[in-house]
Every structure is written in structure tokens, then in C-alpha cells.
Amino acid sequence: MNQDKKINEVYIKENSYLKITGNFVLKGASGDIIKKGNEVYICCCGSSQNMPFCDGSHKGTGVKK
Amino acid sequence: MERDNNRKYSNKDIEVFWEPKKCIHASTCYIELIGVFNPSRRPWVNMEDAPTEKIIEVVNKCPTEALMWRWLDEGKNSLITEQDKNHIKIRRPAKYNELIKDNEPGKGTDVMEVRIMKDGPVVVEGNFRLITSEGKEIKTGEFASFCRCGQSNSMPFCDGMHRKTGFIG
């Protein structure tokens, strides 16, 4: 069943980023389309200088949980 | 018995229902209509600050059942069009299940939508698997709201902390 179907995935690197892969549309706060598929890294440590994308800032922020 | 914090707010036309436990802090309501939905104010909902049509529009955008509405005039509730049923208090559960079914792989609606909420979480909607860095699959979802500020107490999910810490991004 649906074996040829690409599976969408959200991979969580704790305190660092979300890696989203698959067939997606990325929209900004105002509803504008920023990007379409197939892979994106979203910052989830709060420290990126290139929001909403991960820029590697999580290293050294010591954000935990 | 555990006390729920469910609330009901009304104006002359409609009632809006608020079930805090169902809120995933997608922040749609207060970004769209801060005059009506203001989390810093008590009570946080002010039904007099916008026309009924606008309130309905914003409640319909709530991605969960945390916010729902219905006409005070019961006769009008039976005339609601399909597209508005999502957030009708009396109709939502059945319709919600239909929506999930429609979204199953193979039905042509398997595009995931990823929305960055202003100064808030990232909301993912669609069919997806959620994998942790240990390779564990913790949830297969149709909907989730993930923390972007790094301060949530229920990681990886948003718990609304971004508002208290003044997260910008």
C-alpha cells in the first residue's frame, strides 16, 4: 500500500533544529510562501541570526530541555 | 473532579467557546485579531472589538478545536455551509474526522504545510512522521506546533512560553 509514496518527516534535533523533509510548502507569518520542498532546517534554539532557518548558532547556547 | 478552564464568550450574534487544553499555541487568533483575542488581558476575549464576521473568520482559522463558535440563533446553525463547519461547536468532531481521512496518503492532499508563526512556533500540518535524534518515532501526526524559542517546558512542542520570554524571530 502506497509504497511509492514519499513519507513526510519531521526530525527533531533537540535544542537545535527541526529538519523537515518531504513534500512541503513553507509559509511565513504573513502567509507568503518562502520555500517549497524537499528539505529545510528550522531553528528551534531561539538564537539563529537567519530566522527561521538554522544557522548553527545552537552550538554553545546551552539551551536545554 | 478536575476543574476545566473552558470558557464561553458571546456578542449579540454568536458564542465563542474556548478550551485551553486543546490549544497548541499556533498564535493565529491573536496575530489576526489582537483586539478580540489578547492573551495578556483578562478576560482574554473581547467580543465587542470586531464585527461578528471577522471573529468567525479568525476562529475558523484556529487549527485545533480550542476555539469554536456557533450562532445564538439555532436556526442559523443548521444553515452553515460545509466550509464553515470545522469550528462549529456542534458539528466539529464529525467533520474533523472527515478532514483527517481526506488527508490520508494517496488522496492527493499529502503536501505538508509548514507555517512559521510570527515570534512564535512553527506549525506543521499534513501527514508526517515525527522522529527524534535517537531515531524514535514519537508521533505520527496531522498537526503539531513546535517550539522555536528554545524555552518550552514541553519540548519539542510549543507551550506558549515564547510570549512570556519575548521571543522575536
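**Notebook: chains A and B, sheet and interface**

I began with a residue pair in chain B: B:Tyr9 stands opposite B:Val16, which sits in strand 2 of chain B. Before going on, I noted that this is a predicted model, where local features need pLDDT of at least 70, side-chain atom pairs count only at pLDDT 80 or more, and totals for chains, interfaces and linings use all residues. Residues are numbered from 1 along each chain as its sequence is written, while chains are lettered from A and ligands numbered from 1 in the order in which they are written.

*Entry 1, the sheet.* I looked up the strands around that pair. Strand 1 of chain B and strand 2 (residues 14-18) run antiparallel and are joined by four bridges. For my notes, two strands pair if DSSP finds at least two bridges between them, and strands (E, at least two residues) and helices (H or I, at least four) are DSSP runs numbered from the N terminus. The sheet is open, with three strands in the order 1-2-3 and antiparallel pairing. Its edges are strand 1 (7-10) and strand 3 (67-71) of chain B, each pairing on one side only. I found an average twist of 25° from one strand to the next. Helix 2 (residues 52-61) of chain B packs on this sheet and touches strand 2 and strand 3, its direction making about 30° with that of strand 2. Axes here are lines fitted to C-alpha atoms, for helices over the stretch in contact, and angles run from 0 to 180 degrees between N-to-C directions.

*Entry 2, where the chains meet.* I then turned to the interface, where 30 residues of chain A are in contact with 33 residues of chain B. Contact means that the C-beta atoms, placed from the backbone, lie within 7 Å. On the chain A side, strand 1 (9-13), strand 2 (17-27) and strand 3 (33-43) each give two or more residues. Strand 2 of chain A gives the most, with eight residues.

I also checked how the chains pair. Strand 1 of chain A runs parallel to strand 5 (residues 122-132) of chain B, over four bridges. In this pairing A:Glu9 stands opposite B:Arg129.

Leaving out residues up to four places away in sequence, B:Thr132 touches A:Ile12 and B:Ile138.
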